[in-house]
Amino acid sequence: MLHPNLPGKYLENYFLLRFQLSNEGQRNQEFYFSPGYYCRNLRIFKADPSNLAGSIRELPTEQVTREQYPGFLYLTLGPGEKASFFCSMQFIRTNANNYLPYVIERDYVSSFQKNLKYRDALLDTITYVISGILLLMIFYSLAVYLQNKGREFIYYSAYAICCTIMVFFKSYAISTNSELNYVYEEYLDFLILGVGVYFYLSFVQRFLNTREDHKLLDRFLRSSKWILVFLMSLFSYLYFFTNGYATLYYLENYIIKVVMFLIGTVFIIYSLKKKNKLLYYLAAGNFALIVFSVLIHIVTGKQIGRAH
């Protein structure tokens, strides 16, 4: 039995699931089948259980898909019919996917889909409230920029926009089966994080005037930005030009995120050594960000570890 969170080794291959259905009634029965969420390239085959090799055939895509239920496959059984089904699929390259196969009667698929998407109303509410607060920060930063033309507030607005997108879409698009959301979960989510960090470092440079007042810190931040650009470019190359998942996973979680952690840690240490209120405030914000990031990473790591 597979854990709902699939081990990484399964994400680089096609997955084949076999299941059998029977209709003991006197009328046609209509079902929807879902292998979980974040699956692409779904294909379904149907066969007579007593003659699998001689009767197996692929059901046409236009027959088994419905626009209002993406990610679900529409199946029918005649009166007294038994059938074996084989579903071929490929999970997207992310640790957020889930292997949870269900067969749902036609009349209940709408409710099932809603329950799958809106699993935690309190968490969604908190997420949307945080998104609203971030929007206020964006408007405030833009207002300050219009008043004094300080370019650092443009950088901070860009950073806040990246944070808003990440927080909002994690709740709004969760469990949504669409190619756009697949690309977001696989690639765009992490890319937006990297872009946000880059803009934040640019904000710190301008806000503290590091070129004149903190030359050592300025050299460190410039080097950090170049390293970040290189690593995110490497991540993008591996995503678009290779099909593997393991390399992407280790690059994201054990190299790039560690580099981000070290950048924040070095900045905090530097700030504590300087008697500067602005540095103290920024260091406090970085410390809170690192603590919460580590806690989230630990929780996520435990869930993935159980899957492996």
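Tutor: Two strands pair if DSSP finds at least two bridges between them. Keep that in mind for this model, which is predicted.

Student: How many bridges join β2 to strand β7?

Tutor: Six bridges link β2 with strand β7 (residues 98-105), and the two run antiparallel. Within this pairing, Phe33 stands opposite Val103 in β7.

Student: Which residue stands opposite Glu30 in β5?

Tutor: Thr76 does. Strand β5 covers residues 73-77 and pairs with β2 in the antiparallel sense, over five bridges.

Student: Is strand β2 largely enclosed or open?

Tutor: Count its buried residues. Strand β2 spans residues 29-37, and seven of its nine residues are buried, so the rest of the structure largely encloses it.

Student: How should I picture side chains along a strand?

Tutor: In a regular strand they alternate between the two faces of the sheet.

Student: What is the order of the strands in the open sheet of four?

Tutor: The order is β1-β6-β3-β4, with antiparallel pairing. At the edges are β1 (15-22) and β4 (57-58), each of which pairs on one side only.

Student: How many bridges pair β1 with strand β6?

Tutor: Eight bridges, in the antiparallel sense, with β6 covering residues 82-91.

Student: Now pockets. How is empty space found?

Tutor: Rolling a probe the size of a water molecule over the atoms shows where empty space is left. Here, the second largest pocket holds about 310 Å³ of space.

Student: Which residues lie nearest the centre of that second largest pocket?

Tutor: Cys39, Asn41, Leu42, Thr65 and Gly71, out of 22 lining residues. The lining divides into ten nonpolar, six polar and six charged residues.

Student: Which element gives the largest share of the lining of the second largest pocket?

Tutor: β3 does, with six residues. At least two lining residues come from each of β3 (39-47), α2 (61-64) and α6.

Student: Let me follow α6. Where is Gln205 found?

Tutor: In helix α6, which runs over residues 179-208.

Student: Why does Gln205 count as buried?

Tutor: Buried means under 20% relative accessible area. Gln205 has 9% relative accessibility, so it counts as buried.

Student: What does Gln205 touch, not counting residues up to four places away in sequence?

Tutor: Its contacts are Thr210, Asp218, Leu221, Arg222 and Lys225. With Asp218, the side chain of Gln205 also makes a polar contact of 3.2 Å, side chain to side chain.

Methods: Residues are numbered from 1 along each chain as its sequence is written. This is a predicted model: local features need pLDDT of at least 70, side-chain atom pairs count only at pLDDT 80 or more; totals for chains, interfaces and linings use all residues. Side-chain values use heavy atoms; hydrogens and water are left out. Buried means under 20% relative accessible area, exposed over 50%, partly exposed in between (1.4 Å probe, protein chains only). A polar contact is a pair of N or O atoms within 3.5 Å; within protein, one must be able to donate a hydrogen and the other to accept it, and residues adjacent in sequence count only if both atoms are side-chain atoms. Contact means heavy atoms within 4.5 Å. On a 1 Å grid over the protein atoms alone, a cavity is a set of points where a 1.4 Å probe fits but cannot get out, and a pocket is an open set with protein on both sides within 12 Å along at least five of seven lines; lining residues have an atom within 4 Å of a point. Grid points are joined across faces, edges and corners, and a volume is the space filled by probe spheres set on the points. Ala, Val, Leu, Ile, Met, Phe, Trp, Tyr, Cys and Pro count as nonpolar, Asp, Glu, Lys and Arg as charged, and the others, Gly among them, as polar.
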